Amino acid sequence: METRPLEGRKGPAPRELPPAVGLLLRGPGVQPGRCPPGHFSMGQATTCSPWLSCEQLRTEVRPLKCVGEGAVKTVFLSEWKERKVALSRLTRPEVRDDFLHGLRMLQALQSEHVVTLLGYCEDDDTILTEYHPLGSLGNLEATLNLAKYRSLNTWQHRLQLALGYVAILDFLHRSPLGTLVMCDSSDLPKTLSQYLLTANFSIVLNDLDALPLVNHSSGALVKCGHRELHGDFVAPEQLWPFGEDVPFQDDLMPTYDEKSDIWKIPDVSSFLLGHVEGSDMVRFHLFDIHKACKSQVPAERPTAQAVLDTYQKVLNLLRDTATSQSREML
Ligand SMILES: Nc1ncnc2c1ncn2[C@@H]1O[C@H](COP(=O)(O)OP(=O)(O)O)[C@@H](O)[C@H]1O
Ligand SMILES: [Mg+2]
């Protein structure tokens, strides 16, 4: 699929939606998080507002403290109209292209799987998004150890998170823009830092700076960055194939497709499942699908959609078993 320019898509109902849906979206009883392009709704709000402009970002948003920093963005917990928001600033001019790519993707991919965009200012290199106090998915274990969240530290909730993670990959691989590869994922901590844990315990994608497009019909595949990747976390096809004696050369490095994301699923899911009562039983039921994800040949790995289906079946099966077991105990 072709990528479409995003500018100037304000106003009329989005073309990809049937007219009736467009009308529903813009009526007064709007569902949170489901606004037409160029608009947002926050928290419990039932109306959609246009993305904030440069002027509004400059005058209405007050940065309070730095809550995160990556290679491309420094993120500040900020205040806007007495609400908490996240203001991201470009860290250095050399990575401005990544920053702008991330902004384009954020604009185009607004959905339940992606952090809500509230506004941006290209002149100032700033992006405003919804703030998620639980922060990066990398904090999961620490969050689950807090008294407030301990009751959520069950295999059910943790498997639900793994489902959410695979649902995001499925969304990217079949996105409105085409098949996108989640490239910013060269190791586990890095991968986790691209996602946020929401207060209602779901996952949203937050960092969309490295999402190259695969076009299977034209044979256009991708490479994640221009540097050599190492280790078992990345897929085998992402490693330099010509041995240690041949120095790495970007233009000789073969390209690959979205199946590199599938290779990483078992490791991310295993982190999400953690070590609680029942998580080994879940691992046992996911064994076969995870084995398939680790096929050396990318084409032999399942799609994200197939993994998601299997996860859903396992969740249903184990839930039913758990329910009938607790009935028997009564
Ligand atoms: N909306 C947000 N709410 C809370 N924390 C955030 C938010 N956005 C980013 N962060 C924090 O900032 C970190 C860096 O953000 P990220 O977008 O990944 O920057 P970079 O593109 O530089 O990697 C995240 O890992 C997370 O900890
Ligand atoms: Mg990041």
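This is a predicted model: local features need pLDDT of at least 70, side-chain atom pairs count only at pLDDT 80 or more; totals for chains, interfaces and linings use all residues.
Residues are numbered from 1 along each chain as its sequence is written, while chains are lettered from A and ligands numbered from 1 in the order in which they are written.

**View 1**
The protein chain splits into domain 1 (50-130) and domain 2 (137-322). These bounds come from an automatic or database domain assignment. Taken over C-alpha atoms, the centres of domain 1 and domain 2 are 25 Å apart. Domain 1 gives 14 residues to the contact, and domain 2 gives 16. Two residues are in contact if their C-beta atoms, placed from the backbone, lie within 7 Å. The side of domain 1 that touches domain 2 has 8 nonpolar, 5 polar and 1 charged residues. Here Ala, Val, Leu, Ile, Met, Phe, Trp, Tyr, Cys and Pro count as nonpolar, Asp, Glu, Lys and Arg as charged, and the others, Gly among them, as polar.

**View 1. Helices α5 and α9.**
Two packed helices are described by the angle between their axes and the distance between the axes. Helix α5 covers residues 155-173, and helix α9 covers residues 304-329. Helices (H or I, at least four residues) and strands (E, at least two) are DSSP runs, numbered from the N terminus. The axes of α5 and α9 lie 8 Å apart, at an angle of about 160°. Axes are lines fitted to C-alpha atoms, for helices over the stretch in contact, and angles run from 0 to 180 degrees between N-to-C directions. α5 and α9 are therefore roughly antiparallel. Angles under 35 degrees count as roughly parallel, over 145 as roughly antiparallel, 65 to 115 as roughly perpendicular and the rest as oblique. The crossing of α5 and α9 is left-handed, that is, the near helix is turned anticlockwise from the far one by less than a right angle. From α5, the contact includes L159, A162 and V166; from α9, it includes V307, L308 and Y311. The residues of this contact of α5 with α9 divide into 11 nonpolar, 3 polar and 1 charged.

**View 2. Helices α8 and α9.**
Helix α8 spans residues 279-293. The axes of α8 and α9 come within 10 Å and cross at roughly 170°. On the α8 side stand V282, H285, L286, I289 and C293; they meet V307, T310, V314 and L318 of α9. This contact of α8 with α9 has 7 nonpolar, 2 polar and no charged residues.

**View 3. Helices α7 and α8.**
Helix α7 runs over residues 259-273. The axes of α7 and α8 come within 9 Å and cross at roughly 175°. α7 and α8 are therefore roughly antiparallel to each other. Among the residues in contact are W263 and P266 of α7, and R283 and H290 of α8. By class, the contact of α7 with α8 has 8 nonpolar, 3 polar and 1 charged residues.

**View 4. The open sheet.**
Strands of a sheet pair through backbone hydrogen bonds, either parallel or antiparallel. This open sheet has 5 strands in the order β3-β4-β5-β7-β6, with antiparallel pairing. Two strands pair if DSSP finds at least two bridges between them. β3 (61-69) and β6 (117-121) stand at the edges with a single partner strand each, so one side of each has no neighbour in the sheet. Neighbouring strands are turned by 25° against each other on average, direction ignored. Helix α3 (residues 96-108) lies across β4, β5 (83-90), β6 and β7 (126-130), and runs at about 145° to β6.

**View 5. Strand partners and hairpins.**
β3 and β4 (residues 73-80) pair antiparallel over 7 bridges. The two form a hairpin with 3 residues between them. E69 has T74 of β4 as its bridge partner, and P63 has S78 of β4. Antiparallel β4 and β5 are joined by 8 bridges. F76 has L87 of β5 as its bridge partner. K73 stands opposite L90 in β5. The hairpin of β4 and β5 has 2 residues between the strands, and its K81 takes a positive phi near 50°. β5 and β7 run antiparallel, joined by 5 bridges. L87 has L128 of β7 as its bridge partner.
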